[in-house]
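Q: Please take a close look at one helix in this model. Describe how it packs, then set it in its wider surroundings.

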Amino acid sequence: MLNLFKLALILAVGYALFVGLIYLTQDRLIYMPSSNVVGSPANIGLEYEDVALETEDGVRLHGWYLPGPEDDAPVLLFLHGNAGNIGHRLESLEQFHHLGLAVLIIDYRGYGNSQGRPDEEGTYEDARAAWNWLREHLEYEPEEIVLFGRSLGAAVAARLAETKSPAAVILEAAFTSAADLGAEVYPWLPVRALIRHEYDVLGRVGAIEAPLLFAHAREDEIVPFAHAERLLEAGGDGAQLMEMDGGHNDAFRATGSRYIEGLRAFLEDAGLELRPRDATNGDGE
């Protein structure tokens, strides 16, 4: 009996230490930045300019602005996922350009050539700085700005859309909250008690007044499709869901022309005029 007690005690202490380690290192599980920006829009034949932004809390960010095919094109603010940096999103930039959109894509603090270290409030600050740059530097009106967020970026976009009035909002591969997702991935951990970065998308989408599109792959292996269904219900009568092919990281490519045409139809229904220069099948390179 004593040996069993000692074994149980050792296991309990080991589990507690492991839980403490997860709590202290959870940022590494959520944020996976790369500082090496490989390539640029020039590699796919697109004009662009390097953009330097400063957030309200004094962090300097890096991004790219790609003018649209037409001078009066609407602009899409691209908030990417938790891994890599803007250099890994060239295919998407090409797709959005061919849709007839200008694009501003930024790296969050700690990603690419941006300063600082990422955290939840910091990523929200970064998105606000990008919105303000479009409004103040390029003088876009809110009704000319589309918010697009993919995966973690969907949570950041939802937070921004809650407080602004964009022309439209597209949330791709979005989770209901980081706590919900973490609890599904690590059911043997007290995730809700440990997590410091909540990224509560479910609690925000009901406050978004702009036309809202959820795009999600039914076979998403990281964020189950059920998250999209719950978000659609919370988004209200005006929200739409586009089911995609492929998985979490390649759905925009695997869905092909249906992805492009689905985005086009949604944006045109939202009142945006798109005049693409070239046709594309959405398959990328």
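A: This is a predicted model. Take helix α7, residues 225-235. Its buried residues are Phe225, His227, Ala228, Leu231 and Gly235. Seen down the axis of α7, they fall within an arc of 145°, so they line one face of the helix. An α-helix has 3.6 residues a turn, so residues three or four places apart point the same way.

Next, the cover. The elements over the buried residues of α7 include α5 (178-185), β9 (212-217) and β10 (239-244). Just after α7 comes Gly236, with a positive phi of about 90°.

Now the core. Phe175 is one of the residues with the most contacts inside the largest nonpolar core, along with Leu104, Leu171 and Tyr199. That core has 50 residues. Helix α4 (residues 152-163) gives the most to it, with 8 residues.

Last, the surface. Leu29, Val185 and Tyr186 form a nonpolar patch there. Together they have about 240 Å² of accessible area. Leu29 sits in helix α1 (residues 2-30). Leu29 is partly exposed, with a relative accessible area of 41%.

Notes: Residues are numbered from 1 along each chain as its sequence is written. This is a predicted model: local features need pLDDT of at least 70, side-chain atom pairs count only at pLDDT 80 or more; totals for chains, interfaces and linings use all residues. Side-chain values use heavy atoms; hydrogens and water are left out. Patches are made of residues with over 30% relative accessible area and no salt bridge: like charges are joined within 9 Å, nonpolar side chains (Val, Leu, Ile, Met, Phe, Trp, Tyr) within 5 Å. Accessible areas come from the Shrake-Rupley method with a 1.4 Å probe; for residues, only the protein chains shown count as cover. A salt bridge is a side-chain nitrogen of Lys or Arg within 4 Å of a carboxyl oxygen of Asp or Glu. Helices (H or I, at least four residues) and strands (E, at least two) are DSSP runs, numbered from the N terminus. Buried means under 20% relative accessible area, exposed over 50%, partly exposed in between (1.4 Å probe, protein chains only). The arc is that of the directions from the helix axis to the C-beta atoms. Contact means heavy atoms within 4.5 Å. A nonpolar core is a set of buried Ala, Val, Leu, Ile, Met, Phe, Trp, Tyr and Cys residues joined through side-chain atoms within 4.5 Å.
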